[in-house]
Amino acid sequence: MTVRRPAVLLAVALAAGAAVLAGPAAGARPPLDEARLGPDGLGPVKIGMTTAQARAATSSRLRITQTNGSCAVLEQVGEYDGVYFILTDGVVRRATVGSTTSINFYNLTTRGVRLASSEEEVRSRYGRPFAAIRNVDAGGVDLVYRPRPKAQPTRRYVFTVGRLARIPGRYVSEMSVGELPEVRYPEACS
């Protein structure tokens, strides 16, 4: 029995298409470049994980870049350098996506807010903030939200909004989720 070459190619193409539609293989470690920021963390890296668990959860390379006492910063190494986590005593307490020279427009919150979203868009998707705190460094404000359900009473979203060049209005330059007090640290562990 002979199998024709076009039939084999068609079968291979269909199998490849099915694999793409199925998504990552079971047990695959997803990267952080397109992960969503939700009330539990950033994609596969969750608030409350240890450093080892965070590294094991993602295919993205993570390295400790700063330490100050019991506080450490675990940063993504790669294309987008604005993704980082704040650790206290080796446990993830905050996940942040911030704008840097390599702005990452792929990371969204679970409600569709991304870096450079307007303040109005944040307010339309999240409602009235729990608090709006002046942020001198950003030249704007930190919009603080309490995620629902309120199972974790110290968990907060923080959207830092400020001026974007000469464009009127204020825009997201950093978005974080985490536990108090770490989610409110203005300069990581400094």
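Arg111, Arg146, Arg148 and Lys150 form a positive surface patch in this predicted model. Such patches gather residues with over 30% relative accessible area and no salt bridge, with like charges joined within 9 Å; a salt bridge would be a side-chain nitrogen of Lys or Arg within 4 Å of a carboxyl oxygen of Asp or Glu. Helices (H or I, at least four residues) and strands (E, at least two) are DSSP runs, numbered from the N terminus. Arg111 counts as partly exposed because its relative accessibility is 38%, where buried means under 20%, exposed over 50% and partly exposed in between, using a 1.4 Å probe and protein chains only.

Now to the backbone. Most residues other than glycine have a negative phi, and most peptide bonds are trans.

| Residue | Phi | Relative accessibility |
|---|---|---|
| Asp89 | about 55° | 62% |
| Ala165 | about 55° | 68% |

Asp89 belongs to the loop between strand 6 (83–88) and strand 7, and its phi is positive although it is not a glycine. Ala165, also not a glycine but with a positive phi, is found in the loop between strand 10 (155–164) and strand 11. Asp89 is exposed, and Ala165 counts as exposed too.

Finally, Leu180 and Pro181 are joined by a cis peptide bond, with omega about 5°. Pro181 lies in the segment after strand 11 (167–179).

A note on reading the model: local features need pLDDT of at least 70, side-chain atom pairs count only at pLDDT 80 or more, and totals for chains, interfaces and linings use all residues. Residues are numbered from 1 along each chain as its sequence is written, and side-chain values use heavy atoms, leaving out hydrogens and water.

Conventions
Patch = residues over 30% accessible without salt bridge, like charges linked within 9 Å, V, L, I, M, F, W, Y side chains within 5 Å. Areas by Shrake-Rupley, 256 points an atom, 1.4 Å probe, with all protein chains shown as cover. Lys, Arg positive; Asp, Glu negative; His and termini not counted. Charge placed at Lys NZ, Arg CZ, Asp CG, Glu CD.
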